[in-house]
Structures are given as C-alpha cells and as structure tokens.
Amino acid sequence: MEGAGKAGKGRIEIIESSPDVVRLQADWAKPFAARNINTFNFEVQGNATRVTWTLDGENVFMLKVITVFVSPDRMMGSHLETGLAGLKAAAER
C-alpha cells in the first residue's frame, strides 16, 4: 500500500481475527522502516460495542527524533480518531 502525500508506504496483514479481536501487522518502508501491531478489541456493552484500538511497535531511532519535536498524541491521535469514526459510521450503516 502507498498513501497519498505524507502517509508513507508499507504492507498490512491481518494476523488474528475473531469476534472479540482483530490484530494487524503493519510493516512500513517509508518514511522509515518499522513494524507496528494494531489491535482492535471489541467489547459488547448493551446495544453498543466499545472498540479499543491500540498500536504497539518499536520506537525506532527516527521516531525518537521526531517525537522530540512533535508529541506522539499530536502525530497519531488524529489518525486514531479518524479511523475509529470511520469504523463507527460503517457499523451504523
């Protein structure tokens, strides 16, 4: 996959899938090489489902340098919020 603009280039693979959990492995080539595991946990709460999205990965050197100047929440927070909003909209259709 290759994103538009500054999104980067890499590969995503579903490594686990069940009604309660979906786990993805993202191997990035650009802007720097990195491997991340995205985990989506689904917890039924009455007529709704709580989705928790976690991102785990090695804090590679370039990411350490970047986070000196830009907070990780500022850098990734909007991506997580946009992704969860898209998931909510799709589920409600």
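Me: How confident is the predictor in this protein, and what share of its residues reach 70 or more?
Reply: The mean pLDDT is 84, and 91% of the residues reach 70 or more. pLDDT is the predictor's confidence in each residue, from 0 to 100. This is a predicted model, in which local features need pLDDT of at least 70, side-chain atom pairs count only at pLDDT 80 or more, and totals for chains, interfaces and linings use all residues. Residues are numbered from 1 along each chain as its sequence is written, and side-chain values use heavy atoms, with hydrogens and water left out.

Me: Where in the protein is confidence lowest, and where is it highest?
Reply: Helix α1 (residues 61-69) is lowest, at a mean of 73. Strand β1 (residues 9-17) is highest, at 94.

Me: What makes a stretch a helix or a strand?
Reply: Both are DSSP runs, numbered from the N terminus: helices are H or I with at least four residues, strands are E with at least two. The protein has 2 helices and 4 strands. Along the sequence they follow the pattern β-β-β-β-α-α.

Me: Why is Q25 called buried?
Reply: Buried means under 20% relative accessible area, exposed means over 50%, and partly exposed lies in between (1.4 Å probe, protein chains only). Q25 has a relative accessible area of 15%, so Q25 is buried. Its place is in strand β2 (residues 21-30).

Me: What does Q25 touch?
Reply: Contact means heavy atoms within 4.5 Å. Not counting residues up to four places away in sequence, Q25 touches R11, I12, E13, I15, R35, N36 and I37.

Me: Why is T39 called buried?
Reply: T39 has a relative accessible area of 5%. That is under the 20% limit, so T39 is buried. T39 lies in strand β3 (residues 34-45). Across the whole protein of 93 residues, 16% count as buried.

Me: What makes the pairing of T39 and R23 a polar contact?
Reply: A polar contact is a pair of N or O atoms within 3.5 Å. Within protein, one atom must be able to donate a hydrogen and the other to accept it, and residues adjacent in sequence count only if both atoms are side-chain atoms. The side chains of T39 and R23 are joined at 3.0 Å. The side chain of Q25 also makes a polar contact with that of D27, at 3.0 Å.

Me: Which residues does T39 touch?
Reply: Leaving out residues up to four places away in sequence, T39 touches V22, R23, T52, W53 and T54. The C-alpha atoms of T39 and L55 are separated by 6.5 Å, and these residues are 16 apart along the chain.

Me: Where does V22 lie, and what does V22 touch?
Reply: V22 lies in strand β2. Beyond residues up to four places away in sequence, V22 touches E16, S17, N38, T39, F40 and F42.

Me: What makes a space a pocket, and which residues line the second largest pocket?
Reply: On a 1 Å grid over the protein atoms alone, a cavity is a set of points where a 1.4 Å probe fits but cannot get out. A pocket is an open set with protein on both sides within 12 Å along at least five of seven lines, and lining residues have an atom within 4 Å of a point. The second largest pocket is lined by F42, A48, T49, V51, L84, L87, K88 and A91. α2 gives the most to this lining, with 4 residues.
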